[in-house]
Amino acid sequence: MKSDVVLRIIALMLPGPVRARYLEEWRADSLAAADAGLRRRDIARGAAVLTLTIDRDLPAHTKEPRGAVPRRLTRRGLGLFAAAAVVLTGAWLTNGGIVPEGRDISPQALVTLSAVAWISFRLAILAVLVGVLYFGCAGVMARSTRARIATAAAVTGPVTIALAVTFNPHWTVMLAGILLSAFGFLVGLVLVTGPSPISLERRVASRSKRIPVALLGVAAVGVVIVIGAVDLLVWNPQAKVPALSFDAIYARMVEVDQFSPSSAIVGVTLWAAFWGGSAVTVFILAARRSQMWMTPRRVSMLLLSIIGSAVFFRFFAGFSIGMSIADTFGTNGASSSIASAVLPYVGQLALATAAILSGWAPKIRNADIPEAGDVAVA
Amino acid sequence: MVPLSRVTPATVDVLNAFLSGEAPIWGLFVVKKTGRPAGSVYPILERLEGSGWVTSNWEDDSERTGPRRRLYELTSDGAAAAREVVAAAELRDHARAARVVAVPSEIAAGTLA
């Protein structure tokens with residue numbers, strides 16, 4: 001009875017499609033072990049060794065072409081690495097997150113923003129660790145030299161960086177960690193986008209599935225653009241100079257700094273039009289019957305990337321206004337409104353989610369649909 | 001069928017068990033026949049099956065109760081390849097044995113360089 005439980009536990013670590021087969025085989029051997037002069041624990045030991053050494057990439061075990069599963073795992077790892085890179089770069093660029101300085105900012109808002117910065121940083125670290133795990137599993141499964149090199153670099157790189165951050169040794173240790181991580185990332189990228197696709201099949205979706213996602217995404221882009229534009233032109237100037245009215249702020253900027261409101265409005269409008277137009281283009285594509293390749297996942301990736309990019313390039317759209325405020329009123333050039341502090345997190349979250357979605361390509365199930373117009377690599 | 005990337009003495013023993021002519025062959029039988037631990041035999045059987053050297057099926061014995069035994073047999077290509085592998089291993093063993101026998105006789109004759 002006890003050995004049966006042990007065998008069941010060991011079988012849980014086998015690939016799903018062969019789990020029941022090996023469990024029954026081991027149980028039969030275990031029941032007859034005494035007749036063969038063996039102990040049941042010998043069978044359990046053999047089962048454990050098989051679980052460790054089994055070829056997990058064998059098509060009979062995965063029900064997919066050889067290489068498809070490691071490639072998918074690598075892709076997920078890369079998606080997580082890219083998401084973490086977005087968040088960590090954002091934290092670095094904003095020095096741990098923008099702290100709004102406006103007079104009307106409540107302490108609760110500051111605490112919330114601080115908590116978001118704390119959580120997003122740790123989620124990014126978690127994403128790196130899970131990404132390393134995916135790389136490790138892919139390397140073990142793939143059993144190829146390239147995959148092992150990528151795995152070794154992808155595992156040791158982040159660990160080296162973590163050690164360098166913790167113990168602050170010579171700067172070359174940090175450099176080595178960064179180079180190793182980048183090398184692992186690049187080799188992983190080669191594995192995913194290599195010249196010999198292992199599974200050329202089509203991923204498609206009907207209009208009824210992609211249009212709601214596109215509509216929701218366009219609405220989200222619209223909200224970000226409206227908030228971003230109003231914040232650049234109205235909320236942030238008021239937050240920077242709370243003592244003056246909106247009209248007085250602009251009048252003073254025109255008088256002292258020869259600020260041109262119309263140029264600023266044109267700059268912000270161009271920014272809004274470009275990213276809004278991009279979102280509408282994605283929607284039109286998704287709405288066209290022929291664009292079957294626009295699956296909900298791809299539509300989401302595109303629109304989330306637009307949100308992230310719009311937030312990033314908002315900095316340039318609002319640069320002249322921010323500098324003019326700083327020059328006119330002797331303030332710093334940083335943004336002060338609550339929207340200016342929240343939007344970077346929205347942008348980072350959108351880009352990170354797009355990166356994770358790009359790694360989470362589903363298994364292909366509809367390769368035989370003849371009307372599919374696009375070819376995707378698993 | 002895929003050639004084996006490495007052939008260990010345990011692999012040769014397992015292939016010998018298949019070539020012994022006894023049937024049916026299942027995991028526990030190979031363990032007993034070769035004297036190798038299950039920790040060696042199970043992975044070898046998995047590797048042989050994954051490489052197309054053997055196939056396996058559930059036993060069809062309505063009189064037996066409980067879990068079924070998994071029965072293995074060499075494929076036609078696998079049988080030919082197994083004979084080659086075993087023959088090559090035997091040749092190596094004979095050559096090694098001949099060297100072991102030759103060296104002491106040379107020592108006795110004083111002709112060893």
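1. A residue is called buried here if 20 or more other C-beta atoms lie within 10 Å of its own. By that criterion, 39% of the 378 residues of chain A count as buried. The model is predicted, and the remarks below should be read accordingly.

2. Overall form of chain A. The chain holds 14 helices and two strands. Its radius of gyration is 27 Å, well over the 21 Å given by the globule rule for 378 residues, so chain A is more spread out than a compact globule. Taken along the principal axes, the C-alpha atoms of chain A fill a box of roughly 100 × 60 × 40 Å. Among contacts in chain A between residues at least 6 apart in sequence, 79% join residues at least 24 apart.

3. Nonpolar cores. In soluble globular proteins, nonpolar side chains tend to be buried together. The largest nonpolar core in this model has 71 residues, and the members that touch the most others are A:Ala83, A:Val221, A:Leu303 and A:Ile307. Leaving aside residues up to four places away in sequence, A:Ala83 touches A:Ala127, A:Ala352, A:Ala355 and A:Ile356.

4. Contact between the chains. How many residues does the contact take from each chain? Chain A gives 22 residues and chain B gives 17 residues. On the side of chain A that touches chain B, helix 2 (16-31) and helix 3 (40-53) of chain A each supply at least two residues. Helix 3 of chain A provides the largest share of that side, eight residues. Sorted by class, the side of chain A that touches chain B comprises 13 nonpolar, two polar and seven charged residues.

5. The sheet of chain B. Strands of a sheet pair through backbone hydrogen bonds, either parallel or antiparallel. In chain B, three strands form an open sheet in the order 1-3-2, with antiparallel pairing. Strand 1 (25-26) and strand 2 (54-58) of chain B are the edge strands, each pairing on one side only.

6. Detail of one strand pair. Five bridges join strand 2 of chain B to strand 3 (residues 70-74) of chain B in the antiparallel sense. Which residue of strand 3 of chain B stands opposite B:Val54? That residue is B:Leu74.

Note on methods. Residues numbered from 1 in each chain as written. Chains lettered and ligands numbered in written order. Predicted model: local features only at pLDDT ≥ 70, side-chain atom pairs only at ≥ 80, totals over all residues. Pairing = 2+ DSSP bridges. Helix = DSSP H or I, 4+ residues; strand = E, 2+ residues; numbered from the N terminus. Core = buried A, V, L, I, M, F, W, Y, C linked by C-beta atoms within 7 Å. Buried ≥ 20, exposed ≤ 12 C-beta atoms within 10 Å, placed from the backbone. Contact = placed C-beta atoms within 7 Å. Nonpolar A, V, L, I, M, F, W, Y, C, P; charged D, E, K, R; others polar. Rg over C-alpha atoms; globule rule 2.2 N^0.38 Å.
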